[in-house]
Amino acid sequence: MDDLECGYDGRVLLQHVSFTVQPGELFFVIGGSGCGKSTLLKHMIGLQRPTAGTIRYFGESFTDAAPSRRRELLRTFGVLYQNSALWSSLTLRENITLPLEEYTPLSKHERNELAALRLAQVSLSGYEDYYPSEISGGMKKRAALARALTLDPAIVFFDEPSAGLDPVTSRKLDELILQIRETLGTTMIIVSHELDSIFSIADRVIMLEREAKGIIAEGKPLELAQTSRDPRVQEFLQRRAVLPATGA
Amino acid sequence: MPTTSDVAKARATSRVEGNLLQVELGGIWEITKACPSWNDIVGKAKPARVQITLVELENWDSSLLLFLFEAQKWCVEAKAALDASGLPKNVRELLNQIVAAQGKDVPVDRFENPVTLVGQAVFDVWAKIKQISHFVGECTLASIRLAKNPIRFRWRDCISEMQQCGAMALPIVGLIGLLVGLTLAYTAAVLLREFGADIYVANFVGLVMVREMGPMMTGIILAGRTGAAFAATLGNMKAGEEIDAFETFGIRSVDFLVMPRMIAVTLMTPLLTLYANMLGIVGGLMVASGVLSIPPTAYWIQMQTSVDLSDLCSGVIKSITFGGIIGLSGCLRGLQSERSAIGVGRATTSAVVTAILLLIVADAIFAVLFNMLGI
């Protein structure tokens with residue numbers, strides 16, 4: 001991302017945003033509510049166009065690409081939305097086989113097999129014929145992750161993956177994300193403000209701040225927490241639940 | 001002179017000593033009960049200093065904070081000094097928090113003058129025209145893709161939609177058709193009886209049903225039933241980011257969501273229209289034979305003297321157009337919907353209103369066109 005500026009209705013939300021994500025990296029975009037994390041994500045996945053600046057993937061400009069080339073680049077992404085965004089009229093199997101049907105020459109049998117494999121990867125074997133309305137929030141997130149991985153994307157984007165999940169399910173999702181990165185080498189860009197996830201699995205973070213309208217910190221989360229002198233960074237990263245010490 | 005505001009249990013008394021206004025607060029301050037107001041206490045006084053203390057304060061909640069905040073605001077505007085040192089520490093801290101929050105957030109100026117509103121409305125209309133043109137263009141391109149590669153079309157979804165907007169609409173379309181035919185026959189009979197021309201009820205009902213009322217009433221029913229359903233479904237999908245999920249997979253939502261619905265309603269509307277026509281004619285027949293004592297066979301033969309294939313075809317052509325309009329407006333409004341419950345509601349209403357308006361415009365255009373063509 002190179003000197004990105006974005007906003008709407010004449011208001012600038014983010015400006016001079018520049019960063020690079022390395023292949024295979026677990027990269028977090030963090031910050032408080034309303035700082036523009038989800039807006040930045042929407043620009044990265046092509047749902048909105050920036051007012052200035054460039055977004056490049058694999059050295060190629062995404063913002064200036066022709067519509068057909070943009071669509072090709074989109075196929076290298078997977079996206080896990082905050083509310084899962086599973087297609088409610090389709091079963092979990094159909095949610096996964098639809099992109100395969102559109103973009104691969106696989107037969108129906110092969111598509112169904114691959115769907116079963118993807119669901120097994122996220123511990124949802126046996127739920128292939130369930131509709132999204134019939135499963136829990138945590139299961140929807142995992143099914144949505146399976147769908148995001150359908151076309152073996154090079155990059156997977158996560159929009160607040162832990163939103164609405166209990167701590168145990170959230171940790172299991174973090175473990176799944178790590179496992180997928182280790183087995184598939186996928187680059188993961190995660191928008192989140194969950195400190196436990198950030199400190200557990202992030203390789204590198206950038207922190208956005210609403211009043212600054214841009215990045216105020218970049219680096220490894222533990223290093224930032226320990227060495228950053230910016231009070232805003234400290235206030236955000238130090239605000240973790242601390243278990244009371246037991247007397248012994 | 002001290003002024004006192006006696007209100008139930010919450011008390012606020014004030015005393016002016018030169019430039020100083022001393023205010024004593026006490027009692028039980030509850031937000032659900034009437035409490036003293038700062039404006040009543042300060043009245044027309046203009047002190048340079050205000051000192052607030054608590055005397056026998058038993059219980060308090062936000063109502064006390066509100067009073068203190070009003071006092072603080074008045075002091076800032078009147079450039080008076082506020083001495084709140086007599087207040088407990090927690091009350092002072094809460095008051096400081098409210099004041100800090102008010103100071104930080106720049107109030108949004110929501111005033112809009114009429115000229116700006118008119119200008120904005122013009123821009124909005126132009127933006128909507130561009131959106132509609134873009135959507136019609138997308139649908140046209142999607143139709144071309146469908147014609148080139150019909151195997152990739154979502155036939156299963158299309159058939160499901162046909163059942164919803166076609167078969168499931170038979171009862172209501174039939175009922176409305178029958179009642180409209182009945183009403184037309186009664187209305188015609190009133191006038192034609194005076195001339196002893198009761199038999200021409202058959203011509204009147206047949207012609208009006210087949211050319212106008214059949215297509216129009218079917219279109220209006222489907223606009224309210226099917227158009228609204230399309231808008232609500234797509235609006236909800238938009239609110240749940242399902243449309244975004246299509247876009248990020250590079251799957252055109254027009255191909256996947258809009259075309260099956262458009263084709264379903266465009267195919268079903270003429271069939272439902274023919275059904276409505278038939279029941280409308282039956283309704284007229286019921287009135288003719290029951291009230292006017294016209295034998296059914298005579299009614300049928302008389303009707304055929306004025307209703308021919310060109311009338312039937314003109315009704316069918318209209319109904320196909322109406323089906324396309326209903327599909328377009330329902331899907332367009334659904335995709336334009338805001339991502340909220342109220343947005344989906346507005347989209348649904350807008351879909352119905354837009355469809356009905358366009359149906360009537362189209363009907364008028366057809367009337368002129370068919371007249372010019374002599375059909």
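Biologist: Which residues have the most contacts inside the largest nonpolar core?
Modeller: This is a predicted model, in which local features need pLDDT of at least 70 and side-chain atom pairs pLDDT 80 or more, while totals for chains, interfaces and linings use all residues. Residues are numbered from 1 along each chain as written, and chains are lettered from A and ligands numbered from 1 in written order. The largest core has 125 residues (buried Ala, Val, Leu, Ile, Met, Phe, Trp, Tyr and Cys joined through C-beta atoms within 7 Å; buried means 20 or more other C-beta atoms within 10 Å of the residue's own, placed from the backbone). Those with the most contacts inside it are A:Phe157, A:Met207, B:Ala185 and B:Val205.

Biologist: Which helix gives the largest share of this core?
Modeller: The largest share is 18 residues, and it comes from chain B. The helix (a DSSP H or I run of at least four residues; a strand is an E run of at least two) spans residues 201-239 and is α7.

Biologist: Is strand β8 of chain A enclosed or open?
Modeller: A:Ile155, A:Phe157 and A:Asp159 point one way, A:Val156 and A:Phe158 the other, and all are buried. Because 5 of the 5 residues of β8(A) are buried, the strand is largely enclosed.

Biologist: Over how many bridges does β8(A) pair with β9(A)?
Modeller: Pairing takes at least two DSSP bridges. On β7(A), A:Val79 stands opposite A:Phe157, and these two strands pair in the parallel sense over 4 bridges. With β9(A), A:Asp159 stands opposite A:Val191, and the parallel bridges number 5.

Conventions:
Buried ≥ 20, exposed ≤ 12 C-beta atoms within 10 Å, placed from the backbone.
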